[in-house]
Amino acid sequence: RQQSSIDQVIPPLAARPSQAEFAAMSLRQLAAGLFLLSAAWAVQPDAKAALQTGADAASSGGSTARHREAQRLTRQRIKHKWNGDVNVDTKVGVQMNIGNSSSGDSESGGDGGTCQMMGEHLKSPEEITDFPCFPEGTKSLLAKHLSRGVWETMKDEVDMYGFSFKQAIFSGAKFTNSGIGVYAGGHMGYYHFMPLMGKIIQTYHGHGPTDKHITNMNPADLRCPFFDADESRMVNSVRIRVARNLANLPLGTVASREQRQKVQELVTRALGKFGGDLKGTFYPLPGMTDNDRQKLIDDHFLFKGGDKYLEAAGLERDWPESRGIFHNDDKTFLVWVNEEDHLRIISMQDGADIPAVFERLSRAAALIEIEAQFQNDEHLGYITSCPTNLGTGMRASVHIKLPKLGQQKDLFQQIADKYHVQIRGANGEHSETDDGIYDISNKRRLGFSEVQLVQDMCTGVKEMMQKEKELR
């Protein structure tokens, strides 16, 4: 039914090559055509040129129906062609017990090939010249899913913004204690590197190649249970954030100075139109006064550079240019510009009013998108630099006092698992608590709507409150 619209975006392709011709194509040639066109039909040079038109439109910041349709078709054909024709599930390098190595020399890969030990001795992605192997005990999803077949297929590939496969894996290759180990360079880069990205996404999110993401930020659809006065006093504060990136621009990993500046200009133009409870001030990091910096530090609003994982991914280049912080006059709404993602949009306030925090976030995000459309598709949802944030890009959390329940760890975890939330100390991931205050937040991000994730959190918190009262 869609063939006529398809032909308007990508010209009809030549006949599929004969079986003998197809068999004669090397895996490398097939992969190159596959990720430039990823068609369900034969790979032809004129098709690559047709897709390049879409890439040029994206690079120039254009937002057209033709470009969006070309992106959709590329994703569809990558999925169909890869799943149907190519098998790259060969031996994974991390399974080798070869110990920690401080050199970059090639070693035996345990499957007849050589491999190169990853680690902090690496200075740049270009230094990865052989199949990566990892120190014993490495647990990153990069190490788990980077097979020799994927490496041989993808090692010289670059996405439409010039972001290479080696750049995508460099953070996790250098810092082998990473949990994930990969970053993307752009929206279509996830599809270009799908043989690796797809497996990581499925392992982390449980989101398969045919699954769709649901977006719903309508606060009217949220049905948070009522908290009585005693329950409300248990909650210190509520904070909900979403990560967003602007359409038709590369992600921060590969963005140029000019593109990063464009992000800031588009976003600050939108923020400058805010009124009412959202009205506030934007503070650029470059040239920030000592007084402003201290105020932002005191309010815990300031973000800063120096994260080694983000640096390795290319996300802190040209620091602190074109980066800044907006907050409203009431200090209940924040926007971080050009940190890990183009935008981190944050709503927060003291007390237990979760619906009010979500409503403010939803309203502000919608107003920003009037000026600057966000990257989004029906499979991966909102696009983010790190695959862990794909989908909603949301973390909805409360800081809550649960001293009695906190002592019943099995029961506490049972409730958390039931509502798909995670328990942390109030000082962040992996932190403990000695005051009975916990950070409770959604665990899921991709495949479920923003409303559903906030619903999970507030319903789970309600049951935790009830158990806390029973245990007194």
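User: How many bridges join strand 4 to strand 11, and which way do the two run?
Analyst: This is a predicted model. In it, 7 bridges join strand 4 (residues 235-244) to strand 11 (residues 394-401), and the two run antiparallel.

User: Which residue is the bridge partner of Ile240 in strand 11?
Analyst: Ala396 is the partner of Ile240.

User: What is the strand order in the open sheet?
Analyst: The sheet has 8 strands, in the order 5-6-7-8-4-11-13-12. Pairing is antiparallel.

User: Which strands stand at the edges?
Analyst: Strand 5 and strand 12 (421-425). Each has a single partner strand, so one side of each has no neighbour in the sheet.

User: Which strands does helix 15 lie across?
Analyst: Helix 15 lies across strand 4, strand 7 (333-337), strand 8 (343-350) and strand 11. Its angle to strand 8 is about 150°.

User: What about helix 16?
Analyst: Helix 16 lies across strand 12 and strand 13. It runs at about 135° to strand 12.

User: Switching to charges. How many salt bridges does the structure hold?
Analyst: The total is 24. One of them pairs Lys469 with Asp228, at 3.1 Å from N to O. That pair links distant parts of the chain, 241 residues apart. Lys469 is in helix 17 (residues 450-470), while Asp228 is in the loop between helix 10 (194-205) and helix 11 (229-234).

User: Are those two buried, exposed or partly exposed?
Analyst: Lys469 is partly exposed, at 28% relative accessible area. Asp228 is partly exposed too, at 27%.

User: Which residues make up the salt-bridge network there?
Analyst: Asp228, Glu231, Lys462 and Lys469 are linked in it.

User: What does Asp277 form a salt bridge with?
Analyst: Arg363, with the closest N and O atoms 2.9 Å apart. Asp277 sits in the loop between helix 12 (257-271) and strand 5 (280-284), and Arg363 sits in helix 15 (residues 354-371), so the pair ties together parts 86 residues apart in sequence. Asp277 is partly exposed at 30%. Arg363 is partly exposed, also with a value of 30%.

User: And which partner does Asp417 have?
Analyst: Lys443, with the closest N and O atoms 3.9 Å apart. Asp417 is in helix 16 (residues 409-418), and Lys443 is in the loop between strand 13 (437-442) and helix 17. They are 26 residues apart. Asp417 has a relative accessible area of 42%, partly exposed. Lys443 is partly exposed as well, at 42%.

User: Back to helix 17. How many of its residues are buried?
Analyst: 15 of the 21, so helix 17 is largely enclosed by the rest of the structure.

User: What span should it have, and what does the model give?
Analyst: At 1.5 Å a residue, helix 17 should span 30 Å. Its end C-alpha atoms are 31 Å apart, which agrees.

User: Last topic, disulfides. How many are there?
Analyst: The count is 1. Cys224 is joined to Cys458, with S to S at 2.3 Å. The link is left-handed, with -105° about the S-S bond.

User: Where do the two cysteines sit?
Analyst: Cys224 is in the loop between helix 10 and helix 11, and Cys458 is in helix 17. They are 234 residues apart.

User: Is Cys458 buried or exposed?
Analyst: Buried, at 0% relative accessibility. Cys115 counts as buried at 0%, and Cys133 counts as buried at 0%.

Definitions and conventions
Residues are numbered from 1 along each chain as its sequence is written. This is a predicted model: local features need pLDDT of at least 70, side-chain atom pairs count only at pLDDT 80 or more; totals for chains, interfaces and linings use all residues. Side-chain values use heavy atoms; hydrogens and water are left out. A salt bridge is a side-chain nitrogen of Lys or Arg within 4 Å of a carboxyl oxygen of Asp or Glu. Helices (H or I, at least four residues) and strands (E, at least two) are DSSP runs, numbered from the N terminus. Buried means under 20% relative accessible area, exposed over 50%, partly exposed in between (1.4 Å probe, protein chains only). The expected span of a helix is 1.5 Å times one less than its number of residues. Two strands pair if DSSP finds at least two bridges between them. Contact means heavy atoms within 4.5 Å. Axes are lines fitted to C-alpha atoms, for helices over the stretch in contact, and angles run from 0 to 180 degrees between N-to-C directions. A disulfide is a pair of cysteine sulfur atoms within 2.5 Å.
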